[in-house]
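Please read it beside the sequence and the structure.

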Amino acid sequence: MRADILHKHWPEAIGSLIEGAIVPGEGEPIALIDPATEETLAVYADAGAGIGERAHASAERGGAAWRALAPSARGAILARAADLVVRDAQPLAEVEALVAGKPIRDARAEAGRVAEMFRYYAGFADKIEGRVVPVASGHLTLVTPEPLGTIVQITPWNAPLFTAGWQLAPALAAGNAAILKPSEWTPVTSLMLGRLLIEAGVPAGAIAVIAGFGRTAGAALVADPRCGKAVFVGSVASGRRVAALAAGAGRPSLLELGGKSAMVVFADADLAGAATCAQGAIFAAAGQSCTAGSRLLVERPVYERVLGWLAEGAAKLRVGDPLDPQTEIGPLQNARQHASVRAAIAAAREAGARLVLGGGRPAALGEGPGFFVAPTIFADVAPDTAIAREEIFGPVLAVIPFEGEEEALALANGTEFDLAGAVWSRDGAKALRVARRLRAGSVWVNGYRTLSVQAPFGGMRGSGFGRSSGAEVLAEYTQAKSLWIETAAQPVFPFGYGPAATD
């Protein structure tokens, strides 16, 4: 049974990890479903709203112990965590593939990326430095970066292990405690990662992983006044609710939300390279990525040629069991998303878009279970239709023709999403000119979706705010404190106030 894989790598009951122990939930039951077979892998209870009190109290104690360590000691612990992720990369990848439906080859790669994240921020732990401000008075004025306290981080189901590492590593490096609330559908690899951090030496209270619904456990964690900052990765609607909840408690938030990213291909580009890249941009992870290149804008003289190459290549992609090393595209993670993607495909056909490829279950799989959708390509997509404007979060590509730079930019910048984009052209000046005018947090030239923990990542406008990687993220997890130390023999007091005159 496939559930045996889960029980092999996580033999305990599923619950919340608090102070190193698993705490069972008290709410309604949640079923973990294998997205490839639709079989139930495990059932656990929602943590419920009451878990927030216990998690925050634990984080206050554990966070104090974590901050009391020398920054270099915290860095050494995070480096050790990276080694442990490498050690357990295969179990992590197997559980990720099973529960999230991510192809095992991708899951192995993402485990390696998580190790890279902890190793990178381990090096920053003792390099978060302050400065001296040369003020006009006689003070020695120090500006010191201080941790925010306890960071509440809510992560999605599409890449649970990757996003857990992406959020936890910098928050811990900056000296904060962290409470991670993964999706209720994919909590296990986050629990496994939390255990590895404690094994590495992070105080048990400084890291908690809460297994439960966002509307119960997540909401309680964010609304608690002990939350120093709320971080959310996921849909626009849910992210805005989290931001409003945090603002109601007087706390800041960092949002990494959806995308409808456009890849602009000019007629002078490497067309074969662009077509190949476009396949990976949209069909990797079955399109379940905020940076998925779900819109392909192609200059009209080469439109049909690129479309033909794209369809030919996409038809060869292997869709199947995520545990099979040969699988390139796995299933969608859950039934609700599967239904949503199928509805979006039907709506596109009704709106008059030309179906070039796919549109249903892969023929090679025949009839059977699993939330599978074949790589799907629509041509002649009208820019004002839903498929051209709304995030589908599935393996569905809208191909839209354009004429000239200005129309390309108008189309690319014509949605509320500003997360990512790309430009393909052999004319370097034109490529740079268009790239600079694309409204997006990340833009690639003659490539797509190469990400590194070393570079800042985040969106604009509807795609969120704040940056979640690179050196820039350390500013998200610290706040500046000014220390005024009087050094003058005869201090000059402001506003004319000072000690009473003496005879």
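The model is predicted: local features need pLDDT of at least 70, side-chain atom pairs count only at pLDDT 80 or more, and totals for chains, interfaces and linings use all residues. Residues are numbered from 1 along each chain as its sequence is written, and side-chain values use heavy atoms, with hydrogens and water left out.

Helices (H or I, at least four residues) and strands (E, at least two) are DSSP runs numbered from the N terminus. Two strands pair if DSSP finds at least two bridges between them.

An open sheet is formed by seven strands in the order E14-E15-E16-E13-E12-E18-E19, with mixed pairing. E14 and E19 each have a single partner strand, so one side of each lacks a neighbour in the sheet. Strands E15 and E16 pair in the parallel sense over three bridges; Phe-378 has Ala-398 in E16 as its bridge partner.

The helices H14 and H15 have axes (lines fitted to C-alpha atoms over the stretch in contact, with angles from 0 to 180 degrees between N-to-C directions) that come within 10 Å and cross at roughly 30 degrees. They are therefore roughly parallel to each other, a term for angles under 35 degrees. Contact means heavy atoms within 4.5 Å, and the residues that make it are tabulated here.

| Helix | Residue range | Contact residues |
|---|---|---|
| H14 | residues 404-412 | Glu-405, Glu-406, Leu-409 |
| H15 | residues 428-437 | Lys-430, Arg-433, Val-434, Arg-437 |

How values were computed: Angles under 35 degrees count as roughly parallel, over 145 as roughly antiparallel, 65 to 115 as roughly perpendicular and the rest as oblique.
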